[in-house]
Amino acid sequence: MQRSPFVLNVADLLGSDASARSVRVESIVDWKLDLIELSGDEPIIADIVLHPVSGGVAATGSVSFVTNETCHRCLSPTTTQRSVSIGALFDRTSDDETYDLEGHDIDVEQMLRDEVLLSLPVVTTCGDACVGVVDSAQNDLNTDASGDGDESRSPFAVLKDLLEPED
Ligand SMILES: [Zn+2]
């Protein structure tokens, strides 16, 4: 089985004469919220500095990533380059505020996921040039002339389609 790119061996940081070192983690991820998701084409790039601390390892640095989102006003899809600074502690306690150090490894995936998803805006817009809420005239171009969208379709019409043989 391939080793996760997020699992880092930190054996060298656990000794008494350990010194901080930096590491870069790159991976495509599928993290997402309702209206915004991490790009499936661009990897996240985490530049992490690992510091030896009492009882574990501290991780600081930043992560840059690209998101695909839907503008909540005009519903157009947009892509945004973002970055967020990170800071976390890995140790052998079961403390909720720290992440786990297991053997000589830390898995930074959960930490990065937490930091990235927390940094995302709840409301997304496509920017200052947003044309705003799509008005009905534009809407009509995208729907059929009857004006009856799927939402207003009777459930009985669906049932009728199912019951009628297709021959
Ligand atoms: Zn917009």
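Predicted model: local features only at pLDDT ≥ 70, side-chain atom pairs only at ≥ 80, totals over all residues.
## Ground rules and confidence

Residue numbers start from 1 along each chain as its sequence is written.

The average pLDDT (the predictor's confidence in each residue, from 0 to 100) is 86 for the protein chain, and 80% of the residues score at least 70. Residues 140-149 are the stretch to watch: pLDDT stays under 50 there. For that stretch the model has two contacts beyond four places in sequence, a contact being two residues whose C-beta atoms, placed from the backbone, lie within 7 Å.

## Overall layout

You get eight strands and three helices in the protein chain. Both are DSSP runs numbered from the N terminus, with helices being H or I of at least four residues and strands being E of at least two. In sequence order, the pattern is β-β-β-β-β-β-β-β-α-α-α.

Among contacts with a separation of 6 or more, 59% join residues 24 or more positions apart. Of the 167 residues, 16% are buried; that label takes 20 or more other C-beta atoms within 10 Å of a residue's own, with 12 or fewer making it exposed, anything in between partly exposed, and C-beta atoms placed from the backbone.

## The core

A nonpolar core here is a set of buried Ala, Val, Leu, Ile, Met, Phe, Trp, Tyr and Cys residues joined through C-beta atoms within 7 Å. The largest one has 22 residues, and Val57, Ala59 and Leu112 have the most contacts inside it. At least two of its residues come from each of β4 (44-53), β5 (56-70), β6 (77-91), β7 (99-102) and α1 (109-119).

Zooming in on Ala59, its contacts outside four places in sequence include Ile48, Leu50, Ile86, Phe90 and Met111.

## β4 and its partners

The β4–β5 hairpin has two residues between the strands, and Gly55 takes a positive phi near 85° in it.

Beyond four places in sequence, Val49 is in contact with Ala20, Ser22, Thr60 and Gly61. Gly61 is 12 residues from Val49 in sequence, with 5.8 Å between their C-alpha atoms.

Methods:
Pairing = 2+ DSSP bridges.
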